[in-house]
Amino acid sequence: MDIGVGGGGGRLPIRETLASALRKERRSKPHSKSSGSGSSSSTVPLVMGFLSCLAWLYVAGRLWQDSQNRILLTSLLEKNLNNVPKVLTTDEKLRSLGCNDIARRIVEAEMDLTLAKSQGYLRGNASASSGKKLLAVIGVYTGFGSHLKRNVFRGSWMPTGNALKKLEERGVIIRFVIGRSANRGDSLDRNIDEENRRTKDFLILESHEEATEEVPRKAKFFFSAAVEMWDAEFYVKVDDNINLQIDALIEILESRRGSQGLYMGCMKSGSVITEEGKQWYEPEWWKFGDSKTYFRHASGSLFILSNNLARYINTNSASLATYAHDDTTVGSWMMGVDSTHVDDDRLCCSSSRQEKVCSVV
């Protein structure tokens, strides 16, 4: 049954009215959905635009900050351009630190020390402080393998024990002179130390290496050490194959007491050996001229230097040249100073003269 709505001929059936209502409702739903989608799609550009503005502001801020930093750095560089520190020379730096003055004082002190040494003001022995000057210091060269020779000397011409002390009271010091082993502290050094503890008759050269090729340099160490330890009129070097007549030597030295510049010994000269391998070969033979002949010098077996000459060696040892043999080496040193060469045949140990102070063993 159809129920009409309205009046007259314009009534519509109820079924048709409901259908029309449903159709209108369906048409209205998609319309509302499309309008919501449109509103959301219009919001996205706004958000993106806002973010773009923020990014632009950030970048602009960083660029502005960097430009300000560059301006600040530029101003600082310009401000300090005129304040660049001066480049100092080495002398100016030393002067600012006071080093030049210190260096000058050191040089002056070294010069004063050298002068004091040369004038005899520096001594290492009690005899100097007492003012009593010894007559002589006798150094007998010896080596590590010469123990038997030393015992022979101690039993013959060289006094020992109380006799040695009495001789020292007369102003004569006798010592065996030896350096140190190349291997410091080995059995060679220990044996010498032990022997010296028993006999007390060694002068041990701590800075000298005991070796055959080092004998010319041994003279530097011996005279330097002897001068610093004992203040004596004379310093005597003796080889370890020589017998001495002590009283005869003392007599000669007593007659020369107070003399200066004396270089005494058995004076000789001779040819310079230029052929390698031969005995007495001199590697620096070319320094002795075309004639290849040695200058006048005392034999190495025994020679004597007065106090001032021994002190000269001590003062200038660092700059004194050495040759292959100790006698020519010392002779070369004496050529350059104001020395008096005294040729005394009583000091010729190999001569046949009866009145002599030494003889070859």
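The protein has eleven helices and eleven strands. Both kinds of element are DSSP runs, numbered from the N terminus: helices are H or I runs of at least four residues, and strands are E runs of at least two. The model is predicted, so to speak of local features takes a pLDDT of at least 70, and side-chain atom pairs count only at pLDDT 80 or more, while totals for chains, interfaces and linings use all residues. Residues are numbered from 1 along each chain as its sequence is written, and side-chain values use heavy atoms, with hydrogens and water left out.

Start with the whole chain. Buried residues make up 33% of the 361 residues. Buried means under 20% relative accessible area, exposed means over 50%, and partly exposed lies in between, with a 1.4 Å probe and protein chains only. The accessible surface comes to about 22200 Å². Carbon and sulfur atoms hold 55% of that surface. Such areas come from the Shrake-Rupley method with a 1.4 Å probe; for residues, only the protein chains shown count as cover. Now take contacts, meaning heavy atoms within 4.5 Å. Among contacts with a separation of 6 or more, 73% are between residues 24 or more positions apart.

Next come the charged pairs. A salt bridge is a side-chain nitrogen of Lys or Arg within 4 Å of a carboxyl oxygen of Asp or Glu. By this rule there are 20 salt bridges. One of them joins Asp201 and Arg154, with the closest N and O atoms 2.7 Å apart. This pair links distant parts of the chain, 47 residues apart. Asp201 sits in the loop between helix H7 (187–199) and strand S5 (202–209), and Arg154 belongs to helix H5 (residues 147–154). Asp201 counts as buried because its relative accessibility is 2%. Arg154 is buried too, at 13%. Both residues also belong to a network of salt bridges that links Arg150, Arg154, Glu195 and Asp201.

Lys237 and Asp326 form another salt bridge, their closest N and O atoms being 2.9 Å apart. Here, too, distant parts of the chain are linked: Lys237 is in strand S6 (residues 232–238) and Asp326 is in helix H11 (residues 326–335), 89 residues apart. Lys237 has 0% relative accessibility, so it counts as buried. Asp326 is buried, with 10%.

What about the salt bridge between Arg257 and Glu254: is Arg257 buried or partly exposed? At 35% relative accessibility, Arg257 counts as partly exposed. Glu254 is partly exposed as well, at 38%. Their side chains meet at 3.2 Å, N to O.

Turn now to open space. Rolling a probe the size of a water molecule over the atoms shows where empty space is left. On a 1 Å grid over the protein atoms alone, a pocket is an open set of points where a 1.4 Å probe fits, with protein on both sides within 12 Å along at least five of seven lines; lining residues have an atom within 4 Å of a point. The second largest pocket has a volume of about 160 Å³. Its lining residues include Ile204, Glu206, Lys220, Phe221 and Ser317. S5 and helix H8 (215–229) are the elements that give two or more residues to this lining.

Finally, look at Arg184, in the loop between strand S4 (172–180) and H7. Arg184 touches Asp189, Glu206, Ser207 and His208, not counting residues up to four places away in sequence. Arg184 and Glu206 are 22 residues apart in sequence and 9.8 Å apart in space, C-alpha to C-alpha. Glu206 and Ser207 also line the second largest pocket.

Note on methods. Points joined across faces, edges and corners; volume = space filled by probe spheres on them.
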